[in-house]
Amino acid sequence: MSQVTTPPGQMIDIGGYHLHLQVQGSGNPAAVMDSGLAGNSLAWGNALPAVAEVTQAAAFDRAGYAWSEPAPPGTPRHSGQLVSELRRLLIFAGINPPYILLGHSAGAIHALVFAKTYPQEIAGLVLVDPSHPEMMERIPGVPSAQTVKRSMSAIAFLGRLGLLRLLGPLILRQLFPNGERQFPPAIWQALRGFASRSQDYANAAREASDGAQSFAMARATPGSLGDLPIDVLIAEWWVSGRQTAMKKAAAPLHAELAALSSRGRQRIVSGCSHGDLPAARPDEIANAVRWVLAQRDHSGSKSGKNA
């Protein structure tokens with residue numbers, strides 16, 4: 001674990017355990033970035049400064065990932081609990097609502113639950129190659145939550161045997177095939193360190209164990225998000241250079257997410273895959289935040305750097 005450095009952000013006590021939060025820039029509403037399963041704030045390492053040019057930008061590690069401490073044993077890891085922890089983290093950090101939530105992959109499920117549970121606290125959503133609440137039932141080949149749990153548990157077990165020193169970097173390169181060139185060296189080395197740590201996969205198994213409940217929460221009413229600005233960014237590939245049948249089958253579901261709002265849109269982002277969209281195209285992440293802010297401006301809300 002020599003690659004893992006001291007936390008670049010703040011460690012904030014949310015009630016007996018500390019979560020890690022990085023904040024850059026200024027402006028209102030703040031843009032808050034949530035990663036996919038087994039991901040952490042470092043995945044937003046290129047997007048964070050890009051968004052900070054637009055408004056205040058925050059990236060955090062959910063409990064058990066990277067620098068954040070694990071939640072106490074027995075604490076649920078479904079989206080409802082994760083949203084509650086994020087709300088506490090932001091308030092304790094002095095970042096007040098409303099928020100623009102950016103959710104990547106499974107992080108989009110948490111963002112949807114947040115928006116449906118606390119609509120008055122959300123200024124907009126940016127869903128980054130998002131999971132869909134019904135994708136396990138409607139897209140052939142998508143593994144069930146329990147299958148993902150077993151996979152993550154197996155990887156965590158290999159870590160306890162010391163085998164993640166070899167396997168971890170291979171897993172990381174599947175997600176970020178060009179990561180060594182895309183990220184600053186310190187971020188890439190820290191990503192390698194956490195990819196080789198058993199705890200992060202064990203934590204992902206905990207989240208996957210409650211995954212069916214999370215997806216059910218994201219399906220719950222209301223079925224519409226009114227005129228909330230929603231930008232759905234779709235990666236060109238599943239993995240670098242490959243367009244799979246599963247990726248093609250997801251297209252109608254992405255359209256449904258955009259259609260949750262009368263001010264929703266979707267667009268394909270070229271030159272990136274599912275795992276590395278925030279790293280490969282931070283410009284498009286920042287453009288999505290600009291678009292959400294512009295939608296708010298058109299409706300008469302003040303926002304952005306000069307708020």
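The model is predicted, so to speak of local features a pLDDT of at least 70 is needed, side-chain atom pairs count only at pLDDT 80 or more, and totals for chains, interfaces and linings use all residues. Residues are numbered from 1 along each chain as its sequence is written, and side-chain values use heavy atoms, with hydrogens and water left out.

Let me begin with the cavity. On a 1 Å grid over the protein atoms alone, a cavity is a set of points where a 1.4 Å probe fits but cannot get out; a pocket is an open set with protein on both sides within 12 Å along at least five of seven lines; and lining residues have an atom within 4 Å of a point. Points are joined across faces, edges and corners, and a volume is the space filled by probe spheres set on them.

By these terms, the structure holds one cavity of 30 Å³ or more. The largest cavity has about 60 Å³ of space. Which residues line the largest cavity? They are Asp 34, Leu 82, Val 83, Leu 86, Leu 101, Gly 107, His 110, Ala 111 and Phe 114. Helices here are DSSP runs (H or I, at least four residues), numbered from the N terminus. Helix H2 (79-92) and H3 each supply at least two residues of this lining, and H3 gives the largest share, four residues.

I turn now to the second largest pocket. Its space comes to about 160 Å³. Helix H3 (107-117), helix H10 (211-219) and helix H12 (251-258) each contribute at least two lining residues. Among the residues of this lining are Leu 112, Lys 116, Arg 219, Glu 256 and Leu 257.

Next comes the surface. Phe 157, Leu 161 and Leu 163 make a nonpolar patch of about 290 Å². Such patches are made of residues with over 30% relative accessible area and no salt bridge, with nonpolar side chains (Val, Leu, Ile, Met, Phe, Trp, Tyr) joined within 5 Å. Leu 163 sits in the loop between helix H5 (145-160) and helix H6 (164-175). Leu 163 counts as partly exposed because its relative accessibility is 42%, where buried means under 20%, exposed over 50%, and partly exposed in between (1.4 Å probe, protein chains only).

Finally, Arg 206 belongs to helix H9 (residues 198-209). With a relative accessible area of 25%, Arg 206 is partly exposed. Arg 206 and Lys 149 are 57 residues apart in sequence, and their C-alpha atoms lie 7.2 Å apart in space.

Notes. Patches are made of residues with over 30% relative accessible area and no salt bridge: like charges are joined within 9 Å, nonpolar side chains (Val, Leu, Ile, Met, Phe, Trp, Tyr) within 5 Å. Accessible areas come from the Shrake-Rupley method with a 1.4 Å probe; for residues, only the protein chains shown count as cover. A salt bridge is a side-chain nitrogen of Lys or Arg within 4 Å of a carboxyl oxygen of Asp or Glu.
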